[in-house]
Amino acid sequence: MEAVEGGQLRRLGSAEDLADPALDDYLRMTDVRLRSRVEVERGLFMAESFEVISRAIDAGMCPRSFLMSEKWLAKFAPLYERFPEVPLYVGAEGLLEELTGFHLHRGALAAMQRPELPGVAELLEGARTVAVLEDIVDHTNVGAMFRSAAALGVDAVLVSPQCADPLYRRSIRVSMGTVFQVPWTRFDAWPHAPRATGESGAGSSADGVDLLHDAGFDVLALALTDGAVPLDQADLGPDRKVALVLGAEGHGLKPATLTAVDEHVVIPMAGGVDSLNVAAASAVVFWQRRAMLGE
């Protein structure tokens, strides 16, 4: 590997260069299960494209390195030149595809330092509308829901322990970088913490629903249940702090969640359709809440 300009620009000329441990952040990026684990363990996430990398940097995220082919150097210069101490790896497109497992058709990747998430109580302070994503495992849906949250005035997003990573590359890309705009964190337990053998009661003080209640939120579940209130009749006005819970497609919200929340709400359907994709449903309910707030 050739080092140029004080060591920042590093040219990748052969497959041997790809064995450099400094490039491990970029290995096997198409292995979703592996990357979802490794990126959290290493404290990193990947930003892709000029717009997304720019939004990440503007939000205060710190790059670990940049990766691109020669033809993209000029376009991305306004970004990497802000960090002269951060390595910039440049190589032929075929070599970069061998490293990452896919073609970098959006120009460049940046390995970013993963931020430390705030606590739930800290995140809820000052918020009036929050979304809870329960076990949404599709990264595309997660990204789309963050984009809707940003566009429609949701103050914060909370995700369950099993929910897909909002900072996974696909989630970030679909969100158009708005995942850096909307404050978010992950519950330690949702809806209730596991109980020890022989323990009675509803759960520990770390329970997700309890934390929302403690912060003064009414917890509303989007669910196809008997007695659910139609969305256009639900009280989503300014007198309530509201947490809107959306569940995975298919089986929907957990029975424990449906029992723990305060109300069930349903989006009225027509045309023989019983429900919307969860990302589409989130946009509808976020818009309704915003309209009821008069914003």
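Reader: How many helices and strands does the protein chain have, and how are they assigned?

Author: Helices (H or I, at least four residues) and strands (E, at least two) are DSSP runs, numbered from the N terminus. Here that gives ten helices and 13 strands. Keep in mind that this is a predicted model, where local features need pLDDT of at least 70, side-chain atom pairs count only at pLDDT 80 or more, and totals for chains, interfaces and linings use all residues. Residues are numbered from 1 along each chain as its sequence is written, and side-chain values use heavy atoms, with hydrogens and water left out.

Reader: Which strands pair with β5?

Author: Two strands pair if DSSP finds at least two bridges between them. Strand β2 (residues 9–12) runs parallel to β5, with four bridges between them; Arg10 has Tyr89 as its bridge partner. Strand β4 (residues 63–68) is also parallel to β5, through three bridges, and Phe66 sits opposite Leu88.

Reader: What handedness does the crossover from β4 to β5 have?

Author: Point the strands away from you: if the path from the first strand over the helix to the second runs clockwise, the crossover is right-handed. The β-α-β path here goes through helix α3 (residues 73–80), and it is right-handed.

Reader: Are the faces of β5 buried or exposed?

Author: In a regular strand the side chains alternate between the two faces of the sheet. Buried means under 20% relative accessible area, and exposed over 50%, with partly exposed in between (1.4 Å probe, protein chains only). In β5 (residues 88–91), Leu88 and Val90 on one side are buried, and so are Tyr89 and Gly91 on the other. Across the 295 residues of the chain, 49% count as buried.
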